[in-house]
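Please take a moment to look over the sequence and the model before reading on.

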Amino acid sequence: MALGKLFQRPIMITILVVVSFFFFVNVCIILLDLTSPESFMLYDRTNCHDRLTDAKREQETLFKHIQYLENKIKKYENANDVSEVKDTLLDPHATPFFPEYETKGSKNIEHPIPIVVITHNRTNYLQRTLESIYSHIDRDKFPVIISQDGTIEHTANFIKGWQEKENIIHIQNVGRTNPKWKTRSERAAYYYIAQHFRFALSYVFDYAKYNSVIFIEDDLEISPDFFSYFENLQIVLNNDPTVFCVSAWNDHGLKDRVKNPKALYRSDFFPGLGWMMNRDLWNELKEQWTIEVGYWDDWLREPERRKGRACIRPEISRTKTFGSIGSSSGQYFNSYLKPIVLNEKYIDWDKEDLSYLQKQNYDKIFMDLVDSAIVISNIKDIEKYEDKTLIMRYKNDKQRRELCKKFKIIQDEKAGIPRAS
């Protein structure tokens with residue numbers, strides 16, 4: 001008897017039962033929430049509608065799993081060895097489910113670097129981001145992947161429109177799972193975003209077998225030298241084990257705070273907002289990056305993940321955000337994000353010597369600057385010095401925050417590390 005026929009009927013029956021069970025449980029949870037004394041405080045109509053939508057989406061996901069398994073069973077129905085069909089069966093520890101996506105990239109490029117655009121339903125933002133990307137991209141070296149969270153039809157149709165004119169890969173995360181709340185104040189959106197990133201990472205590294213990836217979200221514009229920047233910084237990333245990512249963003253990159261478009265820094269802080277990582281880091285993270293991870297960027301900043309490694313970031317940002325509407329409800333946008341300037345000068349990073357970014361070289365340069373710097377105690381004293389390295393000391397975090405206010409830069413810290421430090 002062919003193994004495909006042996007597995008086919010029990011799998012289909014089991015999955016149909018699971019589909020019905022998941023849908024029934026989610027609807028029951030919604031009904032129980034609505035009848036609880038705290039329901040009117042915890043959920044409004046929008047939240048209840050979202051929960052019902054999520055339940056329907058999970059049902060849709062499982063039906064897609066059925067289709068996926070049916071296709072795989074047909075493919076292997078004549079197999080004689082169970083190992084040939086092992087990977088086609090549902091595994092609770094498996095990587096996220098993918099349909100038969102194709103992978104793209106020029107055959108003339110040995111190691112293309114995909115750029116993944118993370119999106120959900122902001123097609124007006126996505127339009128602006130894609131226009132920016134295709135104004136500067138080398139299509140052979142950087143295949144574009146749009147990762148859509150969910151299956152919202154108008155977003156999918158919008159992406160199809162772009163596929164008619166550009167060689168774009170479109171993937172959809174249909175496996176959203178409701179999180180287990182740690183506190184009642186947490187927002188589900190941040191857990192769903194973390195799940196979406198995990199899905200996209202698994203596609204890039206586990207399925208498509210790329211060696212590195214650039215992530216941007218659908219509310220970013222890029223600089224003219226964005227791709228040259230990442231192409232050349234990839235060499236630093238892959239050859240220096242003390243570097244775990246490369247970012248296009250400077251949290252303190254206000255117009256009157258930056259000057260040199262060629263200056264790059266090693267930072268203990270993960271900035272995000274246009275960033276690159278490689279397969280080695282994913283292999284470290286993927287077993288830890290479960291569906292229970294929320295606030296993925298803060299999670300990545302924790303010492304257990306960073307392990308004392310640095311992120312390379314520019315003095316002048318290579319991305320600019322215009323995302324005043326989104327999951328963060330515009331947090332910090334007008335005060336700290338909108339004023340960040342975008343580099344407008346093309347730098348050919350092929351011609352730049354980046355060896356100073358190696359830890360042993362960078363540490364010496366940095367300490368020489370500190371030792372030779374002029375110590376000042378008042379911000380007004382800055383005007384007395386031009387093109388000089390200055391130091392202002394603080395004794396505690398309160399004083400640091402007060403200095404940030406005076407400089408009009410973002411004050412917060414994550415995992416004990418101030419931004420851009």
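**From a surface patch to a buried face**

Phe 366, Met 367 and Val 370 together make a nonpolar surface patch of about 250 Å². Such patches are made of residues with over 30% relative accessible area and no salt bridge, where like charges are joined within 9 Å and nonpolar side chains (Val, Leu, Ile, Met, Phe, Trp, Tyr) within 5 Å; a salt bridge is a side-chain nitrogen of Lys or Arg within 4 Å of a carboxyl oxygen of Asp or Glu. The areas come from the Shrake-Rupley method with a 1.4 Å probe, and for residues only the protein chains shown count as cover. This is a predicted model, in which local features need pLDDT of at least 70 and side-chain atom pairs count only at pLDDT 80 or more, while totals for chains, interfaces and linings use all residues. Residues are numbered from 1 along each chain as its sequence is written, and side-chain values use heavy atoms, with hydrogens and water left out.

Val 370 has its place in helix α12 (residues 359-372), where helices (H or I, at least four residues) and strands (E, at least two) are DSSP runs numbered from the N terminus. With a relative accessible area of 31%, Val 370 is partly exposed, a term for values between buried (under 20%) and exposed (over 50%), found with a 1.4 Å probe and protein chains only. The chain comes to 13 helices and 14 strands, and 46% of its 421 residues count as buried.

A search of the whole structure finds one disulfide, meaning a pair of cysteine sulfur atoms within 2.5 Å. It joins Cys 245 to Cys 311, with 2.3 Å from S to S. Cys 245 lies in strand β6 (residues 243-247) and Cys 311 in strand β9 (residues 310-314), so the pair ties together parts that are 66 residues apart in sequence. Cys 245 is buried at a relative accessible area of 1%, and Cys 311 is buried at 0%.

Helix α13 (residues 397-407) has Arg 400, Leu 403 and Cys 404 as buried residues. Seen down the axis of α13, its buried residues fall within an arc of 105°, so they line one face of the helix; the arc is that of the directions from the helix axis to the C-beta atoms. Cys 404 has a relative accessible area of 8%. The cover over the buried residues of α13 includes β13 (413-414) and β14 (417-418), counted by contact, which means heavy atoms within 4.5 Å. On the face of α13 turned away from its buried side are the exposed residues Lys 398, Lys 405 and Lys 406.
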